[in-house]
Structure formats: structure tokens, C-alpha cells
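This report describes selected local features, chain by chain. The sequence and structure come first.

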Amino acid sequence: MRDVAVIGVGITPFGELWNKSLRNLFTEAALAAIDDSGVDRIQSMYVGCMSSGLFVGQEHLAALAADYLGQRHIPSTRVESACASGGLAMRLGYMEVASGMNDVVLVGGVEKMTDSTGPEATFGLGTAADQEYECYHGITFPGLYALIARAHMEKYGTTREQLAMVAVKNHKNGANNPNAQYPFEITVDGVLKSVMIADPLRILDCSPITDGAAAAILCPVDMAKKLGKPIIKVIGTGHATDTIQLCDRDDPTWLEATYLAAKQAYAMADKKPSDIDFFEVHDCFTIAEICVMEALGLVDKGKGGPAVEAGKTAIEGKFPINPSGGLKSKGHPVGATGIAQVYEIVKQFRGEAEGRQVKNARIAMTQNMGGSGASTVTHIFERE
Amino acid sequence: MPTPSRYWREIPQRYRYEASRCTGCGKIFFPPRLVCSACGSREFEPTKIAEAGKVMTYTVIHTPPQPFVDQAPYAMGIVELDDGVRITGQIVDCDFSELAVGKRVRLEFRRISQDGKAGVIFYGYKFVPEI
Amino acid sequence: MVGIIGYGAYIPRNRIKVEEIAKVWGTDAPSYKRGLMLEEKSVPAPDQDTITMSVEASRRAIRRAGINPAEIGAAYIGSESHPYAVKPSGTVLAEALGATPECHTADLEFACKAGTECMFIALSLVEAGRIKYGLGVGADTSQGAPGDALEYSAAAGAAAFIFGKENCVAVSEETYAYMTDMPDFWRREYQYYPQHGGRFTGEPAYFTHITAAARGIMKKSGTSPKDFAYVIFHQPNGKFPFKVGQILGFNKAQIEPGWLVNKLGNTYSGSSPLGLTSTLDIAKPGDRILLVSYGSGAGSDAFIWKVTDRIDEVRDLAPKTRDILDTNKKYLEYGEYAKFRHKILKAE
């Protein structure tokens, strides 16, 4: 397998982008990534998108995206793995370049969510759970993570305040992200007084409904060197699944798929958690970030809450998490999220993350998760 | 909304709680599966899930999906039934202040949702406190 | 010997008090409570309907009967609030119980008498030897128009009875039906609320039919009021059953065990059948029970049951009706009640 580099990234602003369509969102991010990379052609592309069909009524997105990018005739693949669609597009693009099948591959992600009403979007997101045995009974994604949160609080004594601190930290970071949907700081008290969504989770525990897209250009490291680009290498990747239903897992607080995907990536990169300078993880809800840090091996089981409280996940902390602001502050256009994580890592490695820069970062990890944790994709990147 | 055929197909599980037990390792699957996730066996015998158990975790949904808008707020939980099978469902006839991990509940037949005013009515199980 | 081999009751936990309804319409609650002897009524939650209550009441009946539900050869639900205008309630019931596919089913409607009609038919099929076990259910989630006198009484509940030839808890000694055509209460197709003839529903309707049916069955069987330990009459309000009992020569003690209406309301098709369940809950072997229903339109079904030794073995196998009625109650305010009963106009 060949070593693969990320040579260009692009992103749209994240938010309620009323005047932007699904196709233009994707095209804007993809063109920005192509321009950033300096390549004059791409040979293949992957588009991560959870549900253009439900949110916009548009399927066959791969062809549409290639057409509007001015790339008709190239192979284009739409990738769906719920909220991990973007991360999976990244992994497939990586595999295509690493295998030698093609040299220049675009990986992107997009979601246009505000063309649906609130309850429609809630339903659409819910399709990532088991339709017949979870959604049939009225569960929602905040509801599933609330079930995880309640179990975590019962089992480990995680506090309501510790959950809030995840959101407060991510908003502090996101306040310095020009593309963030909610670039402002919030307080623990503000989280605890915000409107209840699914007890114990309140609106400020939840990532928002977001429109947005992100893209990256991958090529072999040898080619990147010839192009004179700073080398940002993909040194590890992992992908694992778990039961579709939350209730079928032995321990609802444990993200086994994340644990396994991380283990694969660590092994491939020959790194351990303490080697990683910062993480971009899937904080779709505050409790998710706590469970993810436990599954990534950053803390022992049940110790995620105290770690947040101790400031270990802050930009200056022992293992910074989500300097971008995470899904919480930056926004969560579900299919785009996995690629937006890659965007943040490239910006950090280039020293272009003003106000939220992690100092001397050289190795970073992404973790992108679908459903209530039924699929996870991880990547580890290294700046040469 | 499930189409009538899609709803009808699940009736044995939703009305009668029918499950399957792996003849290889004894694991019970609800709904039934074609291959055992524990031992890989493809041989099963019909069984039924236990009709009572205890709440493992719970929530109260305040922002529901479209078909449940009229029902909010409503409680949901994961319940470990007395045979070890875990299922997800609404917890009704229970004041929210009385929800608790470990609370004993049993299955009861209820209306789950409906396809608008004119479409099919969807029935199934919910949890009620065991009194 | 044919008779009841198992019985079960189901009542939703929600209640609304007469005062709460009277407050909204500016009526005089004390006079309603005194005049109609009504205090509160049951209210179905949005996820409870005639089908769900029938399933739960029937499961309780099966527990007391101790039979294999696959041997139920007929399952009938009587109701004026079947959830579908077209599509049987009985198929859902039979499927949920595990009585399909070798099972005859029908949905019946005859105002408040549909429940006893189901009992009448199921019992007869068993007696005729056509089926081994028959199930008859009376269930309703009745609606009274907002502000109408019926709103104070229209309630929700279900009672289920399984009939067989062996292991009876109450043997059927006699049946009788009395019926004429009479427009005292009706609901036209596509109408949400029923209409009624006011005081016309009393003397020529309820009292005429019930007294005729009661006298008819006693004459047919050669019995008189003193031969019965208990009697259950249809209970549209608290007053009528006592009044009709007095006319016929029954005393309060015979009526009271099956008189649930002051705390339950009128459960229509479930009304007198629920009264029979609460009476069976306290009856002793050898007791004779008279049951007389009434349905507007109009008619009465009458039954004489003789309780057997087996009652003592089965009554604790499922919740007793008074216990269901008196425990785990939740009182609603009118706004919540109006929401639950779909009395609020919402945007489409």
C-alpha cells in the first residue's frame, strides 16, 4: 500500500444556509478543496451523505455531485453510514489512493438539513436507529443518547454539570472558528437551564441541525512531495460496527465500535493514545464525547466526566478534544462532519487555526460515529 | 410511516412477543434472526420473551419525531426482561417522577402511533409499572 | 354444563371528576352528583382504545380460564367505539391472544348492549357444540359531546368472558332477550358525537326494556328476586340501576357489588359486563347472579349465572375489578382530558 497525503481541504460555513442548495453546498466545498490542493484534475470522488433522500428528496447524489463539480464521467460514489458517512468517504478515498487504483481522489461530505421541518429532520436522523424496534416506539437520537447518559450517570456517577462542561469547552473553542454555526461561549448554568430535549439532555447538550459541506483532496505522498505541498500523512485508519440497537449491547455506556476502530488505527499508525496531540471526535451530544474519550483509551471507563471537569480536554489540556468547537458549536451537517474533522486537522497542522491553535501539534486523530455508536471510523494523521 | 404490509409483517413480535431461541447456544433473539450473533448457528426454535422485567435506563422525550408529536412528553426506556432479553419501548401509566433504574415493569398492549387521521393504526407493546 | 370459565377487566388509570367538567360548563356539580350519583369517570389515554383494552381484559380472562388461546373458536368485541369504521377490531384481538387462524370473529355494535350480545353469541356457540371456547368482550371509549349531560358519564373500560363446557366459574342457567325499535340514542355515520332523546331515554327506553327483560327471564326460569344473591343492571348513571332494582323488587345489597358507575362512569358496552366481573370477584360458590344489560335502540339481554366452587381458585389469578378501579388513579384537568379525547381543534 502507498502512503497517502491530504493536500487540500475546503469547507463551507456551517449553519442554517437558507439560500444554499444541497448541490451548491457540496460544489463550494469541493472547489475550495481543489483550489487549496492546486491539482488540475481529480480521478475519482466519494461523497459522504446520510440522507439527501429524506432531507431534500434527492438521491443519486454521486452523479449529481460530480456533474455540478464539472467532473461528469469520473467515477463518483455516494457513501452512507449515518453520521459516519463523511469519515467513511475519507476511508474509502484513502483506500483507493493507497491501493494504487487512482492518484488524485476527492473525498467530501454534505448535508442539507434545513429543507426539512424540525420533526421531519428528527425523523430523518432517527432512521440511523432500528426502524422497526427503536423508532417504531418513538425513540429519537437525543433520546438514545439520553438513555446512554442516564446509564453513565447511574453507573459511574457522572454529573449533569460534567455533561454541561463538554458543551461549554466546545463552545469556547468554536467561538474562534469562523465557520462555526454557533461561534459563541456558553456557561454551565446556561446549559442546565436550557430547554429539555430528552431528559437528562437539554438543547445545549445537543449538536444542532446544520447545513454544510467539507471536502479534501488525497494523493500519494510521493506525488504530494513533487507538488511541493506540506506533507500531512494518513498513518492510521480504523472502521468497526456494533449492534444497530442500543439495547442489544452488553453495556450501553461502552462504545465498542469506537474502541475497535481506534485499536485498528493505533496499531496501523504504531501509536498509542498518549502519542496523539489532539482529537476531533463525534460529540453529537455531550455524553457522546465522554463515552468516546473512554473508548479511545484516553481515560479509564467511567472517568470521562472527571477528565472534562479537570480541564484535560481543553486546548491547553493533556489531550485536547475538538479544538474546532466540535459538532456542538461548529454544527453537525451529518454527512459532512467526518470530513470537517479532517479539515480541522489540516488547518491545525498548517498553523492556520487562529485563536484555537493547538501548539506544536504533529499527530492528530479523528473519530466519526454513526447512530447510537453502531459504526465508527477513525483516522490518525501525521505532519512531517 | 410503515406501509400496511411492513406493519403487518411484524405482528407476531408486536402483538404476541414471539422470539426465537438459538438451539446451539440458547441465546434468545427478539426479533427472531436468521443467524445467531453469539455462536453462528442457523437453527432456532420459537419462543416468547418474558413479559416483565426491570428498567435499565430511561429518558423522557420532549422533542418527538412527527408521528409522536401529540404524545410528547413521553417516557422511554431500555428494559431487561426476566429472561435477559433487552428491549426498547415507551413507559406509560408512570409519573415521570417515579421513573427509576431498576423499576419493575411489565408489557401491555397499546396503540403506538397512527398514520394520520385516516391511515392504519399501529399497535404494539409498551411498559407499565408492575403493581 | 356451559358457562363462564374465565373473566377479566380493564380500566384506564386516568379519571376526571364531575366538578372538573362542571367548572368548564358552568353547571351545578353538586346537583349532578346527587341527581345522577356520579363522582368521577375513567378516561382513556391517547394510546388506549377499544382494541387495546379488549386485549388486556381478554389476557386476564385467559389467565383465569387457564386455557390454550389457540382453542378459542370465536372472539367477539362489542363496542360503539371501534377504532376503525371498516376493519375488524376482533382480528387484532384474536391475533394478539394467539387465537388465530381457526377462529370466528365479529365486531358488534348496539349502543351499551354490544358487550352482552357478544357474550350471548359466544355462549350459544359453545352450548351448540360448534366451538370449544368462545370469547365475548364489551369495551368502549365512549364520547359525550362537550357540555352535554353525557360528558359527565361517558367513560372507558372493558370486560372479557371466556365460555366453555368444563371448569366453569359460573354456569349459565338461562338467557333471555327483549328488544324493540326505539330512537332514544344514536350516532349517525361520520358524526363524532352521539345525540339522544333526553328524558325519553329513561322511562320508555331504559326502564321498560330492563324491567321486561328481567321479568321475562325470571318467568322463564321460574325465579324471583329473592333467588339471586346479586343483580347487575346497565349503569348509565348511578341512580337508574337502584331505581330499576326497586321497581323489580331487588334490594341495595344485591346491586352494590356490581355497581361501579359512581367512580367509573358509563363504559357503555363494558358497563354491565364490568359489573359482572366485580360481582364474580366477591361471589361465593352457589350464588345466583342476574345480569341485565340495556342498549339504546333498544334492547336488553338477560342472563342467570350460578357460581361454582372454581371461583375461589381463579379469582386471584388476575387483578380484581374494584382494585383496578380504586388504585393507581390519575386525575386529569379538563384541558388534558380535552387533549386526550381529541376535543381540541388542531392545525392540519
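In this predicted model, S142(C) lies in the loop that links strand 6 (133–141) and strand 7 (156–164) of chain C. Its relative accessible area is 3%, which is under the 20% limit, so S142(C) counts as buried. Leaving out residues up to four places away in sequence, S142(C) touches E80(C), S81(C), A154(C), A155(C), N266(C), T267(C), Y268(C) and R341(C).

Chain C also contains helix 10 (residues 271–282), which has 12 residues. At 1.5 Å a residue this helix should span 16 Å, and its end C-alpha atoms are 18 Å apart, which agrees. Of the 12 residues of helix 10 of chain C, 11 are buried, so the helix is largely enclosed by the rest of the structure. Among the buried residues are S271(C), P273(C), L276(C), L280(C) and D281(C).

Strand pairing is described next for chains C and B. Strand 2 (residues 14–17) of chain C runs antiparallel to strand 3 (residues 40–43) of chain C, and pairs in the parallel sense with strand 14 (residues 330–331) of chain C. In chain B, strand 1 (residues 18–22) and strand 3 run antiparallel. The table gives the number of bridges and one facing pair of residues for each pairing.

| Strand pair | Bridges | Facing residues |
|---|---|---|
| Strands 2 and 3 of chain C | Four bridges | K17(C) and E40(C) |
| Strands 2 and 14 of chain C | Two bridges | R15(C) and Y331(C) |
| Strands 1 and 3 of chain B | Five bridges | S20(B) and P46(B) |

The pairing in chain B belongs to an open sheet of three strands with the order 2-1-3 and antiparallel pairing. Strand 2 (28–29) and strand 3 (44–48) of chain B stand at the edges of this sheet; each has a single partner strand, so one side of each is left without a neighbour in the sheet. In a regular strand, side chains alternate between the two faces of the sheet.

In chain A, D277(A) is placed in the loop between helix 10 (256–269) and strand 9 (278–280). Is D277(A) buried or partly exposed? With a relative accessible area of 28%, D277(A) is partly exposed. Apart from neighbours within four places in sequence, D277(A) is in contact with P320(A), V358(A), N360(A), A361(A), R362(A) and I363(A). For R362(A), the backbone nitrogen lies 2.7 Å from a polar atom of the D277(A) side chain. K233(A) is 44 residues from D277(A) along the chain, and the C-alpha atoms of the two are separated by 15 Å.

Note on methods. Residues numbered from 1 in each chain as written. Chains lettered and ligands numbered in written order. Predicted model: local features only at pLDDT ≥ 70, side-chain atom pairs only at ≥ 80, totals over all residues. Heavy atoms only, no water. Buried < 20%, exposed > 50% of the residue type's maximum accessible area, 1.4 Å probe, protein only. Contact = heavy atoms within 4.5 Å. Pairing = 2+ DSSP bridges. Expected span 1.5 Å × (residues − 1). Polar contact = N/O pair within 3.5 Å; in protein donor to acceptor, adjacent residues only side chain to side chain.
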